[in-house]
Amino acid sequence: MPFTPIHLGPGLVCKAIGGRHFSFMVFGGAQVLMDIEPLIGILRGWDVLHGYTHTVLGTLVIGAIAGFIGKPVSSFVLKRLQIPHYQFTWSASFLGAFIGTFSHVLLDAIMHWDMSPWRPITSGNKLLGVISMDALHLSCIIAAVIGAIVCIIRFKTRGRV
């Protein structure tokens, strides 16, 4: 299913570690951008849903797009919603974008048969099934819980994450 929230778990851990140097909003936006191709594939009935966007080259292109549009969009949303935050930087935007796209491909490669992450260099997917889907989902949920707890504590003590 495209736009799965399970991908956000590792992003919360990155936010907990990176704080103001990592944009969770851009990370989330990058997740959505990554799954536009599979969504189109589902709607059009394609056999292979995870094509070019789910390759290393695709992550670089989508990460760059997410990084460039992420800063102005996120800054606008945070200001509009009056959410307290640190000054939004380009480095936080690009870090969120590229960690978002690369983690997305890594997680999807473990669970989707139709991926070939190193295309066009090589075909195939050696990460497929390296751990069970249940273990993958559980690790993402645990990451989300740990990351959320740290972010909440940080917000309560500093007034921003």
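Close-up 1: The buried residues of α1 pack against α2 and α6. This is a predicted model, so take the views below as pictures of a prediction. Which residues of α1 are buried? They are Gly9, Gly11, Leu12, Lys15, Ala16 and Gly18. Just past the end of α1, Gly19 takes a positive phi of about 55°.

**Close-up 2: Where α1 crosses α6.** Here we look at helix α1 (residues 8-18) and helix α6 (residues 133-158), whose axes come within 7 Å of each other and cross at roughly 35°. The crossing of the two, α1 and α6, is left-handed.

**Close-up 3: Who meets whom between α1 and α6.** On the α1 side you'll find Gly9, Pro10, Leu12, Val13, Lys15 and Ala16. Their partners in α6 are Cys140, Ala143, Ala144, Gly147, Ala148, Val150, Cys151 and Arg154. Sort the residues of this α1 and α6 contact by type and you get 10 nonpolar, 2 polar and 2 charged.

**Close-up 4: The largest nonpolar core.** Which residues make it up? There are 6 of them: Val26, Ala30, Ala66, Leu78, Phe88 and Ala97. Two elements, α2 (24-34) and α4 (56-80), each give two or more residues to this core. As background, nonpolar side chains tend to be buried together in soluble globular proteins.

**Close-up 5: Around Ala66.** Zooming in on one member of that core, Ala66, what does Ala66 touch? Leaving aside residues up to four places away in sequence, Ala66 touches Val26, Ala30, Leu33, Ser93 and Ala97. Val26, Ala30 and Ala97 also belong to the largest nonpolar core.

Key. Residues are numbered from 1 along each chain as its sequence is written. This is a predicted model: local features need pLDDT of at least 70, side-chain atom pairs count only at pLDDT 80 or more; totals for chains, interfaces and linings use all residues. Side-chain values use heavy atoms; hydrogens and water are left out. Axes are lines fitted to C-alpha atoms, for helices over the stretch in contact, and angles run from 0 to 180 degrees between N-to-C directions. Helices (H or I, at least four residues) and strands (E, at least two) are DSSP runs, numbered from the N terminus. A crossing is left-handed if the near helix is turned anticlockwise from the far one by less than a right angle, and right-handed if clockwise. Contact means heavy atoms within 4.5 Å. Ala, Val, Leu, Ile, Met, Phe, Trp, Tyr, Cys and Pro count as nonpolar, Asp, Glu, Lys and Arg as charged, and the others, Gly among them, as polar. A nonpolar core is a set of buried Ala, Val, Leu, Ile, Met, Phe, Trp, Tyr and Cys residues joined through side-chain atoms within 4.5 Å. Buried means under 20% relative accessible area, exposed over 50%, partly exposed in between (1.4 Å probe, protein chains only).
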